[in-house]
Amino acid sequence: MSERSTFWLSHLSAIEAEGITTKAYAEREGLSPQALYQWRKRLVAGGRPSRAKLSGFVPIQIEPSVTARAGCTVVIDAQLRVECATLPGVDWLAALSAALAERGH
């Protein structure tokens, strides 16, 4: 992409990101609104960035997780690791913490 294209693309991206009208942005930045419209048409029609790419957003698809894990792993040190199938209760964690403190962990 040329320096000129990059220059105009950065302005077009700013317009999209700010949600401001092209005319208002042009007035604020001292640019020609017509030039912004022409460059938008040129960049989008020329097979270059689509409006989604101008704004920095891309479509995504979220798929449900196949395996949801509700468990956890508590790593005390290199020799002690506790894996739980479900999340332990606060009382259990407090008791574990107290027992480990008594033993110097």
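Arginine 28 pairs with glutamate 29 in a salt bridge, with the closest N and O atoms 3.0 Å apart. A salt bridge here means a side-chain nitrogen of Lys or Arg within 4 Å of a carboxyl oxygen of Asp or Glu. This is a predicted model, where local features need pLDDT of at least 70, side-chain atom pairs count only at pLDDT 80 or more, and totals for chains, interfaces and linings use all residues. Residues are numbered from 1 along each chain as its sequence is written, and side-chain values use heavy atoms, leaving out hydrogens and water. Searching the whole structure turns up three salt bridges.

**Arginine 28 and its partners**

- Glutamate 18 also forms a salt bridge with arginine 28, and their closest N and O atoms are 2.9 Å apart.
- Glutamate 18 sits in helix α1 (residues 3-18) and arginine 28 in helix α2 (residues 22-29), so this pair ties together parts ten residues apart in sequence. Helices are DSSP runs of H or I, at least four residues, numbered from the N terminus.
- Glutamate 18 is partly exposed at 43% relative accessibility. The term covers values between buried (under 20% relative accessible area) and exposed (over 50%), using a 1.4 Å probe and protein chains only.
- Arginine 28 is partly exposed at 46%.
- Glutamate 29 is partly exposed too, at 37%.

**Arginine 81 and glutamate 83**

- Arginine 81 forms a salt bridge with glutamate 83, the closest N and O atoms lying 3.1 Å apart.
- Arginine 81 is exposed, at 54% relative accessibility.
- Glutamate 83 is exposed, with a relative accessible area of 56%.

**Network**

- Shared partners link Glu18, Arg28 and Glu29 into one network of salt bridges.

Technical notes. Helices (H or I, at least four residues) and strands (E, at least two) are DSSP runs, numbered from the N terminus.
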